[in-house]
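Subject: Structure handover

Hi,

Here is the structure I promised to pass on. Please open it first, then read my notes below.

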Amino acid sequence: SLSGATKLKKNENKKMKNYHIGCGFKIGKSWLNYDSSPIALIDQIPLLNLIINLNDKKFPKNIKYGNIVKKSLCKENEADNIFCSHVLEHVPLVDGKKMLKNIYKMLKPGGVFRIVVPSLESRILRYNKYKDADLFMESLGCVNRNENYNFFRKLRFYFGGGRHKWMFDNKSLHYELKISGFKNIRECEFGDSGISIFGEVEEKERFIEENGELKALAFHCIK
């Protein structure tokens, strides 16, 4: 029956181990949601949260703190699916390589990894169209037009994980995925995974940024 098939699918989803890395405020109910932002850690400690108020919006209570650069977040060959959106650009390239290798270790053979990052190429194309240097510099996410903020806003920008530390185009990200061991690497779009649970964590505005002006860089790949 239809209801029986639905129950079977739900049970299968529960058995799967899915890791959402760098989840921010987006929580997937079928996912283990991790974030390494120091602000996320502060938000989990009530006393510190009262003393240090860095964010108007608080991180969800059920996120897990974990740094994928330092180590894998599970045993080797344990994860069925991994999703990582707008995270890789927040670490230096050397750390990004470590991150991708740790993600590769986590996945089961045949496991799916989907990654989304801001596109350097999209930003260059927009600059070539409008010739607006200020807009281009701000879009890189590594500097601010005005850095005369109060102490806590400076802390949030430099240490809260919000600053971009590296950028990618199609060729460079494809290369990093390939040397990390991933196979069947293809460009992807929002919602085209063919795996329903990715719908819990994917956000269309992360694939197409700034009201459709900037197409993000997104890949779907397999271990």
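The buried residues of helix H5 have a cover that includes helix H6 (133-140), strand S7 (208-209) and strand S8 (214-215). Those buried residues are Ser122, Arg123 and Arg126, in a helix that spans residues 120-130. They sit on the same side of H5, because they cover an arc of only 95 degrees around the axis. The arc is taken from the directions that lead from the helix axis to the C-beta atoms.

This is a predicted model: local features need pLDDT of at least 70, side-chain atom pairs count only at pLDDT 80 or more, and totals for chains, interfaces and linings use all residues. Residues are numbered from 1 along each chain as its sequence is written, and side-chain values use heavy atoms, with hydrogens and water left out.

Some terms. Buried means under 20% relative accessible area, exposed over 50%, and partly exposed in between (1.4 Å probe, protein chains only). Helices (H or I, at least four residues) and strands (E, at least two) are DSSP runs, numbered from the N terminus. Contact means heavy atoms within 4.5 Å.

Now the whole chain. The protein chain has 9 helices and 9 strands. Buried residues make up 43% of its 223 residues. Take the contacts with a separation of 6 or more: 74% of them join residues 24 or more positions apart.

Next, the sheet. Two strands pair if DSSP finds at least two bridges between them. S6 and S9 run antiparallel, joined by 3 bridges. Arg186 has His220 in S9 as its bridge partner.

Leu173, Glu176, Leu177 and Ser180 are buried. They cover an arc of only 95 degrees, so they lie on the same side of H8. The face turned away from that buried side carries Lys171 and Lys178, both exposed. The buried residues of H8 pack against H4 (93-106), S5 (107-117), S6 (183-187) and S9 (217-222). After H8 comes Gly181, with a positive phi near 115 degrees.

What about the cores? A nonpolar core is a set of buried Ala, Val, Leu, Ile, Met, Phe, Trp, Tyr and Cys residues joined through side-chain atoms within 4.5 Å. The largest has 29 residues, and Tyr19, Ile21, Ile82, Met106, Phe113 and Leu177 have the most contacts inside it. Strand S1 (18-21), strand S4 (79-85), H4, S5, H8 and S9 each give two or more residues to this core. Another core lies apart from it, with 12 residues, among them Phe83, Val112, Val201 and Phe207. Asn102 is found in helix H4. Asn102 counts as buried because its relative accessibility is 9%. Leaving aside neighbours within four places in sequence, Asn102 is in contact with Ile68, Val69, Lys70, Lys71 and Ser72.

Best wishes
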